[in-house]
Amino acid sequence: KMVIKNGINVKKFYQKKKINKKIKILCLSAIKPRKGQLNVIETMKIIKDKKIDFHVFFAGEIQDRFYYRKIIKKVKQNKLENFCTFKNYVSEKSKKKLFMDSDLFILLSEMIGNSFEGFGLVYLEALSYGIPVIISKKTGAADLKINKNNGLIVHPKKYKLIANFICDLRKKNFYNISKQCIKLCKKNIWFQRSKQINQLYD
């Protein structure tokens, strides 16, 4: 039995040479409970306490106003206003710039009732820009062959573990990390997927 996973079309890969002085973290997704933005806020509290210079960009349509208000309330309670930015609509041009400017992609999705998060292409998109990804174990993307050099697959509520991974990025060779991210993405482009499909019929 062979499972053909999601793939992505990539015209260009972007190799990063170094991490920004202020770690720029991107969370690109519709804002609603299943996407777990509140989990990112909980992680931010720990990073802030470690005196690490960072900023999180939350970008995506607000699909649940009540959940969004909860996020903003939590941000204010923990004095995180200066550590995050929210952008509602993101054009393709803006999205490219967000990826180019970021050092890390994070999405800590969780199951809400029977609602399961599948294998979103956004993870592969992030890898194509040479940035590591933090992926929730509660998603289909947990099948990606992530290693310590290109990201982290983790329970969405293991905030301390996630925060430590982010803080440790500064101690690593970011050029090599970026290289590993692109290498993983290349294994998941549609050209590779089409080869797997052809093998089924050989």
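1. Basis of the note. This is a predicted model, in which local features need pLDDT of at least 70 and side-chain atom pairs count only at pLDDT 80 or more, while totals for chains, interfaces and linings use all residues. Residues are numbered from 1 along each chain as its sequence is written, and side-chain values use heavy atoms, with hydrogens and water left out.

2. Overall layout. The protein chain has 7 helices and 6 strands. Helices (H or I, at least four residues) and strands (E, at least two) are DSSP runs, numbered from the N terminus. Along the sequence the order is β-α-β-α-β-α-β-α-β-β-α-α-α.

3. Burial and surface. The protein chain has 202 residues, and 48% of them count as buried. Buried means under 20% relative accessible area, exposed means over 50%, and partly exposed is in between (1.4 Å probe, protein chains only). The chain exposes about 11,100 Å², of which carbon and sulfur atoms supply 51%. These areas come from the Shrake-Rupley method with a 1.4 Å probe; for residues, only the protein chains shown count as cover.

4. Contacts along the chain. Contact means heavy atoms within 4.5 Å. Taking the contacts with a separation of 6 or more, 75% are between residues 24 or more positions apart.

5. The nonpolar core. The largest nonpolar core has 60 residues. Such a core is a set of buried Ala, Val, Leu, Ile, Met, Phe, Trp, Tyr and Cys residues joined through side-chain atoms within 4.5 Å. Met 44, Phe 99, Phe 105, Ile 106, Ile 134 and Ile 166 have the most contacts inside it. Not counting residues up to four places away in sequence, Phe 105 touches residues including Leu 26, Leu 28, Phe 99, Val 122, Tyr 123 and Ile 134. In soluble globular proteins, nonpolar side chains tend to be buried together.

6. Helix H5. This helix covers residues 159-168, and its buried residues are Tyr 159, Ile 162, Ala 163, Phe 165, Ile 166 and Cys 167. They pack against strand S1 (23-28), H1, strand S4 (104-107), S5 and S6. Ile 166 is also one of the residues with the most contacts inside the largest nonpolar core.

7. Helix H6. Helix H6 (residues 174-186) has 13 residues and reaches 18 Å from its first C-alpha to its last, close to the 18 Å expected at 1.5 Å a residue. The expected span is 1.5 Å times one less than the number of residues. The buried residues of H6 are Phe 174, Ile 177, Ser 178, Cys 181, Ile 182, Leu 184 and Cys 185. Seen down the axis, they fall within an arc of 160°, so they line one face of the helix. The arc is that of the directions from the helix axis to the C-beta atoms. Helix H4 (122-128) is included in what covers them.

8. Ser 136 is buried, with a relative accessible area of 0%. Its side chain reaches the backbone oxygen of Ser 109 at 2.6 Å. This is a polar contact, a pair of N or O atoms within 3.5 Å; within protein, one must be able to donate a hydrogen and the other to accept it, and residues adjacent in sequence count only if both atoms are side-chain atoms. Thr 139 is in the loop between strand S5 (133-136) and strand S6 (151-154), and is buried at 4% relative accessible area. The side chain of Thr 139 reaches the backbone oxygen of Ser 136 at 3.0 Å.

9. Glu 117. This residue sits in the loop between S4 and H4 and is buried, with a relative accessible area of 6%. Glu 117 and Ser 136 are 19 residues apart in sequence and 9.4 Å apart in space, C-alpha to C-alpha. Leaving aside neighbours within four places in sequence, the contacts of Glu 117 include Ser 109 and Thr 139.

10. Most residues other than glycine have a negative phi. Phi of Lys 51 is near 60°, and phi of Lys 79 is near 55°. Lys 51 lies in the loop between helix H1 (37-49) and strand S2 (54-59) and is exposed at 75%. Lys 79 lies in the loop between helix H2 (65-77) and strand S3 (84-87) and is exposed at 60%.
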